[in-house]
Every structure is written in C-alpha cells, then in structure tokens.
Amino acid sequence: MAVIALSTSQSPARRDLSVKTFLPLMAPAIVLALFFAVPMGMMIGISFQSRDAGALTLASYSRFVNDGLVLVGFGRTVVMSGLVAVCVTVLAYPLAYYLARSTSRWRTVVLALAIAPELAGVVLRTYGWLIILDDRGFINSALMWVGVISEPLPLSKNLFGVVVGLTHVILPFGVLSLLTSLQGISPNLERSAQILGASRLAVIRHIVLPLSVPGIISSLLVGFTMAASAYATPALLGGAGFKVMATMVYEQVLFYLDWPFAAVMANVLLILMLGVAFVGSRIESRLNQNLHL
Amino acid sequence: MKFSAFCTGVLIFVTLAANSRAETLVVNSYGGPYERIIRERIITPFEAAFGIDVVYDAVGSAAQDYAKIKATNGRPGFDVVVMTASQSLEGCREGLLMALSPKNVPNLAHLSPAMASVAGPCGAVHEVQYLSLLYRKDKLADPPTSWAALADERLKGKIILPTFQNTMAAYLVEILSVANGGDLLDNVEPGFEAMAALAKRSIGFEQSSSIMENYIKDGQVWAMPFWNGRAQLLVDSGLPVDYVLPKEGSIPLMATLNVPKNAENRRAATKFVNFFLEKASQESWVTGYKVGSARTDIDVPADIRAKQITTEADLKALHLPDLAGVAARLSAWGERWERDVVAAAN
C-alpha cells in the first residue's frame with residue numbers, strides 16, 4: 001500500500017516535470033527535424049540509389065573506395081583541415097590569453113579586431129588573399145620589384161594558399177573557443193605560482209597550458225570541422241589542381257549531375273567530422289575528469 | 001438580403017480583379033549585358049504583343065538552375081529557363097522538362113533540323129555560339145588560323161585553359177582530337193595528348209569565363225579558347241582582340257529555352273518560347289547580342305553574318321556533338337583530365 005501511495009503521489013509531478021521540460025524544446029526540435037534530420041535522411045537515401053533508375057545499390061560507395069582521385073581528395077581534405085586547425089589554434093592562443101588576462105582599455109578594441117574579419121564575407125576575404133598571394137599579387141610583385149626573386153613564388157593555387165586563407169577565415173572562432181577556456185582559469189593560480197618562484201614561462205608551461213587543454217581541443221575541433229566543410233576558399237585559392245571533398249561534392253551535383261555519388265562524398269565528409277568531434281570530445285572529457293580529481 | 005447582396009458584390013469584384021490582372025511569366029536567365037539586351041529586344045516586345053508581364057530572374061547559372069529544377073521535381077519557381085542543350089537533354093531524360101513541338105511552339109519548325117535534334121525534344125535552340133580562338137591583335141601580328149597555333153612557341157606561358165568544369169574544356173578536347181586525327185567521342189586520345197601538351201605551356205586553368213577574360217584583357221594571356229559570343233563582347237568593348245573560327249572547325253554551344261514540367265504558367269511559357277523563335281525576334285537577338293541562330297532564314301547585316309552561324313553553309317563548319325554520348329563519358333573524361341592534363345601543368 002505504501003508503495004502504491006508513493007507512486008500515485010509522485011507520478012503526476014513527474015509527468016508535469018517532463019512536459020514542462022520538453023515543451024520549450026518542441027519548436028527547435030521540429031525545426032531541426034524538418035530542416036536538418038529530414039534532408040540528412042534524404043541525402044543518405046540518395047547515396048544508396050543508382051544514378052539513372054533510382055534502384056537501391058552500393059555502387060556509389062564502391063566507386064568511392066576504388067577511385068584514386070577521390071581518395072586523394074579525401075586525404076587532401078584531412079591534411080588541409082589538420083593544418084588549418086593547428087595554425088588557427090597556435091595563432092589564436094596568445095591573442096585569447098591576452099584578452100582573458102588584460103585589463104587594458106585596449107582590450108575591447110583588440111577583441112573587436114579579432115572578431116572583425118567575420119563582418120566581411122568569406123568570398124570577399126578570400127579574394128583579398130588572392131590579390132596578396134597571386135603570381136602577380138602584392139607579395140610576388142614587391143619581391144620581384146626589389147629583385148629578391150625573378151620568378152613568382154607559388155603562394156596561391158596550392159595547399160599553402162588555402163591554409164593561409166582558411167586560417168584567416170576561421171581564426172576568430174579559435175579565439176572565442178580558447179577565450180572561454182582561459183577565462184575559466186583563475187588568475188590566482190598563476191599569481192600563486194609566481195609568488196612561489198616560478199618564472200613567467202614556467203607558469204604558462206606548467207599551469208596555464210595544461211589547464212587550457214580543453215579549450216585547445218575545442219579550438220582544434222572547430223578549426224578542423226570548419227576547414228573540412230569549407231567550399232569558397234579552397235575553390236578560389238586552391239586552383240584547378242587542388243580538389244577537396246567540398247569542391248568535389250559541388251562538381252558532382254552541378255557539373256556531373258551525379259547526385260548519388262555527391263551524397264556518398266557528403267556522407268563520408270560528415271562521418272569524418274563526426275569521428276574527429278567524437279574523439280576530440282572523449283579526450284576533452286577525460287582531461288576534464290583528470291583535472292577535477 | 002443585404003448580406004447576400006454584399007457577398008455577391010465582393011465575389012464579382014474579386015472575379016473582375018482577377019481577370020483584369022495581367023498574366024505573369026517568370027523568365028530565368030543571365031545577368032549583365034545579356035539581361036539588358038534580352039529585356040530590350042525580346043521581353044519588352046513580348047509584353048507589348050501578348051499583354052503578359054514578365055518577371056526577370058537573373059539568379060543562378062544554368063547548372064544551378066538545372067539543380068533547382070531537379071530538386072523541386074520540375075517546379076522551380078520560374079516558367080522559362082535559359083540553359084544549354086546538354087541540360088535540355090538531361091532534363092528531358094529525367095522527365096523534368098516539358099516536351100516542345102511545333103504543335104505548342106510552331107516556330108520550332110523553322111529551326112535547322114540538325115541543330116534542333118542536338119538539343120532533343122525539350123529544348124528550343126534560340127542561340128548558337130561556337131568555340132573560337134580569341135587572340136590579342138597587338139601581340140600576334142598574324143591572326144591564328146588553326147587550333148595548332150596555341151602550340152606556337154610565341155605563346156608559351158601566354159595561354160590560359162578552362163578547368164574541366166567549364167563546358168569549353170570537354171569541347172576543346174573533342175575539337176583537338178578531330179584536329180589531330182581522332183574523333184569526337186570514341187577516339188579522343190589525340191585530344192587529351194594535345195591538351196596535356198598545351199597545359200604544360202599554359203599559365204594555368206580557370207573555371208569561370210569571366211575570370212579567364214581578365215587575363216586577356218590585361219595582356220597576361222595572348223590567346224585562349226573562348227565562346228564567340230563573349231569574345232564578340234570583348235571586341236565590341238574596344239580591346240585589341242579578335243577571334244577566329246579555326247580551319248579545323250569548331251563545336252557549337254547551343255543555348256536553349258526550356259519549360260520546367262510543373263511550371264505554373266506553361267501556356268504563357270510556350271508563347272514566350274515561340275515568340276523568341278520568331279524570325280524578327282531572332283534577327284533582333286542575333287544583331288543585339290551578336291550570336292548565331294538555329295534559324296537559317298534570318299536576314300542580318302553582312303558584318304554579323306561574317307562572324308556568326310546564320311546559314312546552312314556556316315553549320316557545315318561545325319562538328320555537332322552527340323551530347324548524350326558526351327554526358328555518358330563525362331565522368332571518365334573528367335578523371336582523365338585530372339590525371340593527364342592538370343598533372344601535366346603542375
């Protein structure tokens with residue numbers, strides 16, 4: 001009886017709690033279902049269709065694993081995204097650290113400048129880099145005018161140009177990821193270490209860096225996933241010989257009209273990014289556990 | 001009684017308002033000079049003749065428009081779309097475009113049968129361009145006469161090529177194949193070999209025709225393959241450039257008018273297509289946009305006739321492509337282009 005009494009008195013409350021909890025989630029859930037889950041499901045479905053008849057087949061997947069050029073493009077995407085993630089994190093770290101610790105009145109200006117590139121569109125910024133890095137661009141023209149070089153340096157239409165352009169595009173996101181993490185580290189820890197005789201470098205190395213590893217992982221993840229899915233910058237700065245997954249998907253959809261194969265490539269790209277995000281989040285949560293032990 | 005009289009009045013007003021509103025037609029095509037000329041030469045006269053309001057939609061390339069038609073199963077939000085013969089064939093095969101015939105578009109009967117057949121039953125060829133050899137008059141004293149001129153020693157590092165995603169590339173492979181003893185479809189080996197040799201001597205590849213033309217404008221490039229319609233615009237702009245139809249011939253680019261299968265105003269759309277194919281409209285379009293026509297009965301000035309495809313004799317200088325055959329081989333050619341041609345340039 002007592003058990004029955006307890007359950008009847010608690011169950012309405014639980015029901016109310018669950019309805020109240022989930023009601024606000026309904027609108028975003030519907031939006032996500034309609035504009036993300038359904039199209040994603042359709043894309044997965046298309047990847048199993050044949051190009052002509054629409055019959056179920058694994059032909060496009062088979063083509064993916066046997067097509068050398070596509071696999072090279074996949075490998076290129078991984079290398080490019082990895083390099084961009086590292087460059088973004090390395091460049092963003094000192095800036096984020098300054099923003100987290102500074103009390104200067106210039107702090108707000110620096111923060112605004114760090115985020116300012118996002119105000120201009122990606123295509124605009126990429127064209128800016130094209131003007132700088134092109135064979136007849138600013139850098140090559142200046143070096144040739146000074147007489148340092150006689151032939152233009154290969155600064156664009158290759159991996160270097162794309163990594164530079166993407167690093168610039170993604171840098172503000174890296175700064176924001178790291179800033180959140182660094183602001184969570186108490187400045188008292190650094191002061192204590194310095195009072196106990198640690199040098200500034202030792203404080204950074206033994207206190208700040210280990211505690212900010214979750215932020216570093218976040219920045220690497222943001223950099224990697226944004227670079228892997230970027231289209232405009234690789235298309236404009238990469239040139240004809242630099243194909244990555246995003247540009248190859250575009251070609252399959254609009255030029256070759258092979259939507260099943262494009263869907264396969266998009267799915268593989270999605271799996272790559274989910275895999276990287278999963279590994280990153282596992283490392284991050286393990287580090288967090290260790291830090292709070 | 002009063003209420004029913006009021007309702008009847010409202011009903012009559014709504015019916016009259018609906019009937020008095022002009023029919024609307026959404027035409028999707030290109031922006032820039034194209035938009036200005038099509039508005040002036042075709043759309044305004046069409047609106048005056050039929051009392052149909054035309055809404056002009058210049059958003060998207062032909063490839064993007066086709067993707068939109070495919071994604072919406074033939075109801076993309078526009079009623080007439082300008083694409084190429086390749087997309088007309090593909091759209092017809094996929095059942096996304098309305099079939100056009102002399103029954104619903106009487107002027108189709110006046111098109112050259114050879115040209116009309118290339119685009120298939122869903123595309124009305126309203127404009128013909130060809131792959132020409134564009135060159136700088138101030139750099140090359142003797143005008144080139146052959147595709148082989150691109151391999152001239154003087155042009156080393158002075159030519160630019162399209163990427164494979166620009167339709168020009170596949171056509172260039174085909175025409176170089178024919179010029180070097182191969183054919184248009186099954187034996188394109190000589191074409192790829194010639195392209196690889198050209199790639200080594202080029203300054204690189206560009207996908208967009210508008211970016212390609214910047215290279216010849218600033219003198220970085222002295223010669224390049226280019227659609228003759230765009231080449232003519234450069235000539236007319238006063239640049240020291242000219243273009244030729246090389247002696248080995250060329251391959252035409254046929255622009256087509258298409259009506260998506262489930263377009264909202266299909267009746268008005270077929271009227272527009274038919275109007276565009278009228279003799280007077282074709283003459284106006286050919287003289288305005290400086291392109292060729294699939295109608296060989298048009299009267300145009302001699303200077304335009306000399307450069308454009310307007311007669312049966314002109315058609316003989318062209319190699320008409322089997323676009324379905326090209327589409328079937330496009331993926332394989334694209335892979336080969338990356339392996340042989342792009343690799344040769346690097």
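How many residues does the contact take from chain B, and how many from chain A? In this predicted model, chain B gives 15 residues to the contact and chain A gives twelve. On the side of chain B that touches chain A, helix 3 (62–71), strand 6 (202–206) and helix 14 (323–345) of chain B each supply at least two residues. Helix 14 of chain B has the largest share of that side, with six residues. Sorted by class, the residues on the side of chain B that touches chain A are five nonpolar, seven polar and three charged.

Now let us turn to chain A itself. Along its principal axes, the C-alpha trace of chain A spans about 95 × 75 × 30 Å. Of the 293 residues in chain A, 30% are buried. If you take the contacts in chain A between residues at least 6 apart in sequence, 75% of them join residues at least 24 apart.

Two packed helices are described by the angle between their axes and the distance between the axes. For helix 5 (residues 122–133) and helix 7 of chain A, the axes come within 10 Å and cross at roughly 140°. These two helices of chain A, helix 5 and helix 7, are therefore oblique to each other, and their crossing is right-handed. From helix 5 of chain A, the contact is made by Val122(A), Arg125(A), Thr126(A), Trp129(A) and Leu133(A). Helix 7 of chain A answers with Gly161(A), Val164(A), Gly165(A), His168(A) and Val169(A). By class, this contact of helix 5 with helix 7 of chain A has five nonpolar, four polar and one charged residues.

Finally, let us visit a single residue. Asn158(A) sits in the loop between helix 6 (138–146) and helix 7 (159–183) of chain A. Is Asn158(A) buried or partly exposed? Asn158(A) has 16 C-beta neighbours inside 10 Å, so it counts as partly exposed. Leaving aside neighbours within four places in sequence, Asn158(A) is in contact with Gly239(A) and Phe242(A). Leu99(A) is 59 residues from Asn158(A) in sequence, and the two are 33 Å apart in space, C-alpha to C-alpha.

Conventions. Residues numbered from 1 in each chain as written. Chains lettered and ligands numbered in written order. Predicted model: local features only at pLDDT ≥ 70, side-chain atom pairs only at ≥ 80, totals over all residues. Buried ≥ 20, exposed ≤ 12 C-beta atoms within 10 Å, placed from the backbone. Contact = placed C-beta atoms within 7 Å. Helix = DSSP H or I, 4+ residues; strand = E, 2+ residues; numbered from the N terminus. Nonpolar A, V, L, I, M, F, W, Y, C, P; charged D, E, K, R; others polar. Axes fitted to C-alpha atoms, helices over the stretch in contact; angles between N-to-C directions. Parallel < 35°, antiparallel > 145°, perpendicular 65-115°, else oblique. Left-handed = near helix turned anticlockwise from the far one by under 90°.
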